[in-house]
Each structure stands twice: as structure tokens, then as C-alpha cells.
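Please read these notes with the model open.

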Amino acid sequence: MPFKSPLLGDLGGLNTIIMKKIILAATLLFATVALSAQHKLTIQVDGIEKMKGRLFVALYDEANFMKKPVYWKIAKVDTQEMTVTIDSVAAGSYAVSMFQDVNDNNKLDMGSFGPSEPWAFSNNAKGQYGPPAFKDCLFKMDEDVTIYITLQ
């Protein structure tokens, strides 16, 4: 039913135009809010002893910890300290795991008592007989965050 203004009378097709503009404005507002909820994670890494290979970095949420990363990145190791950034991280709780693939075979090599290549988790957490629990590695992303990790 067309909108009838007491002052302007029947506005006819103006109803459709007004509704389309309201829907467009609401969609743009939602998109702006969704994009503003994205944050930048900066990871400062030290403890790099060998300037070779690549650094494999994985960002996990709790549901997929040590199974499927929300985001991953590979960076060439060329200095003793590195900065890895992950843009557009949604607000939430996360954990980081990383390892330095010194021999470039695309995997974390294991020895008799655990990893034989340098590795680390956020909060420099360590597990007993395996990886640490998510709660020990957890950090919150509700703004841009910088974390510091030392390779073991």
C-alpha cells in the first residue's frame, strides 16, 4: 500500500525508493561495523639461532587448536629477530604455534624427546609430553595486539 502523506498526498513509487535506500544504508552500516571488528596481530619472534629455512606460523581458535589454523603464514628466516603480521583478525580468543623449518622439508622434524627444530607457542607456553593446552597459549584480540614469542 503506497504511503500517503497528510501534507504531500500519495507518494506512489517513492515508497520503494525509500525502502531501497533504508536497506542500502543498513547494509553499509553492517559492513562498516563488521570491517571495524578486524584487528592486526603483530608477532615479535626472537631466539632464532640459525639464519636459514622458513618460519611456519599458525593462528588457532579454541575449537580448532592444533588441528586447523584460522590463518597461517610462512616467512623466510633471515634475521635473529623477526616480525610477522596477520591483518584482519576477527575479535576473539586465539593461540599461536610456530616452528622454524631449518632444513626446508615443510614439516616440524621430531626427535626421540620432541621437536628437533626450533618451535614455540604464544605466551611462550610449554606442554608436558605434547603441546600446551589452549588456555595456556590464549590471548584476546579485541584491538590491535602485539605478542612476543621466543623460539625454543
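**Notes on the aromatic pairs and the fold**

1. The structure, a predicted model, holds 5 aromatic pairs (rings of Phe, Tyr and Trp, the last by its six-membered ring, with centres within 6.5 Å; planes under 30 degrees apart are stacked, over 60 edge-to-face, the rest tilted). Phe56 and Phe99 are a stacked pair, because their ring centres are 4.9 Å apart and their planes stand at 10°. Phe56 belongs to strand 4 (residues 54–60) and Phe99 to strand 7 (residues 92–101), so this pair ties together parts 43 residues apart in sequence. Phe56 and Phe99 are both buried (under 20% relative accessible area, with a 1.4 Å probe and protein chains only).

2. Trp119 and Phe121 make an edge-to-face pair, with 6.0 Å between centres and 65° between planes. Trp119 and Phe121 are both buried. One aromatic cluster takes in Tyr60, Phe65, Trp119, Phe121 and Phe134.

3. The protein has 2 helices and 12 strands (DSSP runs numbered from the N terminus: helices are H or I with at least four residues, strands E with at least two). Their order along the sequence is β-β-α-β-β-β-β-β-β-β-β-α-β-β.

4. Of the 152 residues in the protein, 31% are buried. Among contacts (heavy atoms within 4.5 Å) with a separation of 6 or more, 67% join residues 24 or more positions apart.

5. On method: residues are numbered from 1 along each chain as its sequence is written, and side-chain values use heavy atoms, without hydrogens or water. Local features need pLDDT of at least 70 and side-chain atom pairs count only at pLDDT 80 or more, while totals for chains, interfaces and linings use all residues.

Conventions. Buried < 20%, exposed > 50% of the residue type's maximum accessible area, 1.4 Å probe, protein only.
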